[in-house]
Amino acid sequence: MEHLPGFRDFFPEPLPQGEAWSAAVREHIFGRWQTVARRYGFQFYDGPPVEPLELYTAKSGEEIVGQLYNFVDKGGRAVSLRPEMTPTVARMVAARERHYKKPLKWYSIPQLFRYERQQKGRLREHFQLNADIFGEADTAADAELIALLIDLLRAFGLTADDFVIRLSSRNAWQDFYQRRGNDPAKAYDFFQIVDKLERADPVQSDIKLREHGFTLDELRAFIQGGEPTDELRRVLDNLAARGLADFVKIDYTVIRGLAYYTGVVYEAFDRHGKFRAIAGGGRYDQLVKLVSGGQVDMPAAGFAMGDVVLTELLKDRAKLPTFGERLDAYVLVEDETRRAASLGLVQRLRDAGFVVDLPLTPMKPDKQFKRAQEAGAVHTLCVLPESVVRIKRLATRAETTLPLEGVIPHLQANGN
Ligand code: HAM
């Protein structure tokens, strides 16, 4: 039986033929995400993968609501698999913010579910690194987040030649929208048109924009002007002070599809425009208030980076290491009368922190040796009579024989 369309199996290396996803690549990505997020002082949190449907219907905006994996549970509750993490974290912060000193810097690596039309870079399930700052209204928080986003991508060996952060502002667009005295409550409809501009038919976009009193040419002129607002200037100056100016550019085509953004917004793209967005985020100062029914008013900003586009990009740029099994030692059981002694040795080595494997059941010695090689073992060990161990270093084929007590110090001294 196959997995559902848009879902993935993650296999260990070496990968089977075809379009297999690598569990080792996923681990590698999560590891780098975690290391860099912690380097910036972000703390780990997590939430439930199933939430009340209501959490999304009023807060995320049409696009995502149309993609929900929602159902009625056995208790008659309208629920949904989480399509994004932001409403969950806003709910969690609203409920427990008093307990924490501000600003909060939190990160998570959730698996998310969106019933999207399957295409390159878009699946029905994906993982995201989410990093968010709560309780800081200053653009310094936006800049800190963008710096983190840049460093996350640099941690995979990507450079300013590989990617760029396209920086924009909902405030700038809100001001533009209100030039015609438009009703601010209708701004989201307008933002949706701007969000789709790059992919939509220009004639259709023009017709829709005219309903709001604008023409496509006017919009294009505003985008091409690309003048940073004071707010964006502060973000740019902050990033320049960190030496990160080369990684960002003002680009008003970015507005973000989600409903809750209120200020600085941005998306990370590969420089050649070959892939979908690698990451996206921005400020959302009203969401905590909305989720808490007006109880807690707290500024917030954050972004998320998905694993799907990132994996495609890292493959394309040959920035993924080669993965394989690697054992410190494979314990050969050449004589079954010494299996108990071999198990004793395996246990001692594992207790000491070594990565060790052995044949679970009787196997021909040459097969065992082959298995040790395939598993990338640095050494093979074999318990001989009288608690003596034969140690072979596979790379050089050099052999020594040591008493049992000598094995751990020997492996420690000759680890790599
Ligand atoms: P988003 O732009 O919907 O933002 O998603 C962020 C990233 O997740 C995208 O740039 C993309 O890499 C990845 N992604 C999204 N949907 C899919 C999909 N169907 N398949 C594969 N990858 C996907 C958010 O989710 C916001 N909640 C981010 C945020 C956090 N804003 C503030 N804090």
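Which polar side-chain atom lies 2.7 Å from a nitrogen atom of the ligand? That one belongs to Asp132.

Hi everyone, a quick word on what we are looking at. This is a predicted model, where local features need pLDDT of at least 70, side-chain atom pairs count only at pLDDT 80 or more, and totals for chains, interfaces and linings use all residues. Residues are numbered from 1 along each chain as its sequence is written, and side-chain values use heavy atoms, with hydrogens and water left out.

Back to the ligand. A nitrogen atom of the ligand is 2.6 Å from an N or O atom in the side chain of Glu84, and for the side chain of His126 that distance is 3.2 Å. Taken alone, the ligand exposes 660 Å², and the protein buries 96% of that (Shrake-Rupley areas, 1.4 Å probe). In total, 26 residues surround the ligand, with Glu84, Thr86, Glu116, Asp132 and Tyr261 the closest; to count, a residue needs a heavy atom within 4 Å. Strands E9 (125-134), E13 (279-283) and E14 (300-306) each supply at least two residues of that shell; strands here are DSSP runs of E, at least two residues, numbered from the N terminus.

Now over to Arg8, in the segment before strand E1 (10-11). Arg8 is buried, at a relative accessible area of 10%, where buried means under 20%. The Arg8 side chain makes polar contacts with the side chains of Glu125, at 2.7 Å, and Asp307, at 3.0 Å. A polar contact is a pair of N or O atoms within 3.5 Å, and within protein one must be able to donate a hydrogen and the other to accept it.

Terms used
Helix = DSSP H or I, 4+ residues; strand = E, 2+ residues; numbered from the N terminus. Buried < 20%, exposed > 50% of the residue type's maximum accessible area, 1.4 Å probe, protein only.
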